[in-house]
Amino acid sequence: MKKHSKLLKYLLFLLFSVIVMFLSFNRHSKSGVFNYHSEIWADKAGYYIYLPAVFNYNFNAASFPDSIAAKTGDGFRIDTINNKVITKYSCGVAILQLPFFLTANIVAISRQSDTPGFTKTHHVAINVAAVIYLLLGLFFLGQYLKKRFQSNIVWIVLFTLFAGTNLYYYSVDETGMSHVYSFFLFSLFLFLVQKTEYFKKSRIAELLLSGIVAGLIVLIRPTNLIFLAFVLFLEIKDTTMLKARMRAVFRLKTILWLTIGFVFINIPQAAYLHYTYGSPFHYAYENETFVWTNPQLLKTWFSPNNGLFLYTPFFVIILISLAYSTIKKSADGRLLVLLFFVISYVFSSWWIWNFGCSFGARSYVEYLAVFSIPLVFLFLKINSSGLVVKIVFYLMVLSFIVMNFLMTYSWDGCYYGIGDWDWDAWIGTVMSKLR
């Protein structure tokens, strides 16, 4: 019986994988290249440029195709005067895309192209990369949650998390953005710390891998350091556990190998910054910064211009799960409520709080990995409740999933409203899909 159950789970996961890959290919089937729909455009091109720069052009600016920066949305800059390839984005995403890029390079060898490294094959490789990292992220997160809650409801929760939030959009549509890659890394790190009992029982290889994963997490987005800080306090129930956790984390062996892994994976970025700016510690975003004294919290949460709850209403259920976990003093509720407000403050303090041309509050996507913890706790409670409660709850979940798909497939670019509180623009988008 167990064998049949296990086989069924594998078959369902395989089916899910095939469907997601199909959805991604279908979404990009008519996108073409060198336009705002393509996988290598603007920010996505800025993340990606390291790969062709290293493997196709040897960082020789003069050898790049004419106007390639403009053709890919100016996500990077080719400085022919100083012979520099300049991007403000870190190489973390490129490192994760590397195996798929090299495969695309091999496939494209036999095909003539005047834009090596930017062919249709390379665009497709990015779609494959995003879907693979999504699947790996869901797998590792599922393993973490399964061990913690001992329930198969974990897989239902993960499906709703994927289908009901903009994790779908950034896995299937905007495959070159950083968020699905960070989601994978968050999930893997949770899996690793659980496996080592938060470094209490860890081999050198596990510590080194954890350090590399932590390094990539911060490399892709420095503010993800917040996640690493909060993870250290998960599953702590009293001061005795806290003291034991701190002893395990701050022992010499742990610190040494975590640091080695962390530093090792950041060496390429330090080398690039030194090559470009003359210093391995240069702040590449230059005039873009945080305005800590003027956080735009209400806009971040509720503005028609990418507001969290308007584009990802499933976050209402996540907030309910946080509240319920806090009341019951379980599933790290209080800790994760604090995390929600901390990241909200940080995100809303960024100089462009709506994060530009995006679908909803994209900066929250990777944090869905850790917010899945109270979500499982809530689902378990609902499943042990009466029939009416179950029906109402799952109808709400289903409505938010439908809403997410309607919004996703009505989105064709940036927010085009007039000002941050243009409700007509948002309502018009929603109503056009409900008709």
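The expected span of a helix is 1.5 Å times one less than its number of residues. The model discussed here is predicted.

Q: What makes the length of helix α5 close to the expected one?
A: Helix α5 covers residues 92–108, 17 residues in total. From its first C-alpha to its last it reaches 24 Å, and the expected span is also given as 24 Å. The span is therefore close to the expectation at 1.5 Å a residue.

Q: Where in α5 does a kink lie?
A: The kink is at Leu98, shortly before the proline Pro99. Its angle is about 55°. That angle is taken between axes fitted to the seven residues ending at a residue and the seven starting there.

Q: Which residues of α5 are called buried, and what covers them?
A: Buried means under 20% relative accessible area. In α5 the buried residues are Gly92, Val93, Ala94, Leu96, Gln97, Phe100, Phe101, Ala104, Asn105 and Ala108. Their cover includes α2 (43–48), α3 (50–55), α6 (120–149), α9 (179–195) and α10 (204–220).

Q: Why is Ser24 called buried?
A: The cut-off is under 20% relative accessible area. Ser24 has 0%, so Ser24 counts as buried. This serine lies in helix α1.

Q: Which residues is Ser24 in contact with, leaving aside neighbours within four places in sequence?
A: They are Asn127, Val131, Val172 and Thr175. Contact here means heavy atoms within 4.5 Å.

Q: Which helix supplies the largest share of the lining of the second largest pocket?
A: Helix α1 does, with 10 residues. The pocket has a volume of about 700 Å³. Its lining has 19 residues, and the closest to the centre are Lys9, Tyr10, Leu12, Phe13 and Trp155. At least two lining residues come from each of α1 (2–28), α6 and α7 (153–164).

Q: How many residues of each class are in the lining of the second largest pocket?
A: There are 14 nonpolar, two polar and three charged residues. Tyr and Trp count as nonpolar, Lys as charged.

Q: What makes a space a cavity and not a pocket?
A: In a cavity a 1.4 Å probe fits but cannot get out, whereas a pocket is open. The structure holds one cavity of 30 Å³ or more. The largest cavity has about 50 Å³ of space.

Q: Which residues line the largest cavity, and of what class are they?
A: The lining consists of Thr300, Asn306, Phe347, Trp353, Asn354, Phe355, Ser358, Gly360, Ala361, Arg362 and Ser363. Four are nonpolar, six polar and one charged.

Methods:
Residues are numbered from 1 along each chain as its sequence is written. This is a predicted model: local features need pLDDT of at least 70, side-chain atom pairs count only at pLDDT 80 or more; totals for chains, interfaces and linings use all residues. Side-chain values use heavy atoms; hydrogens and water are left out. Helices (H or I, at least four residues) and strands (E, at least two) are DSSP runs, numbered from the N terminus. Buried means under 20% relative accessible area, exposed over 50%, partly exposed in between (1.4 Å probe, protein chains only). On a 1 Å grid over the protein atoms alone, a cavity is a set of points where a 1.4 Å probe fits but cannot get out, and a pocket is an open set with protein on both sides within 12 Å along at least five of seven lines; lining residues have an atom within 4 Å of a point. Grid points are joined across faces, edges and corners, and a volume is the space filled by probe spheres set on the points.
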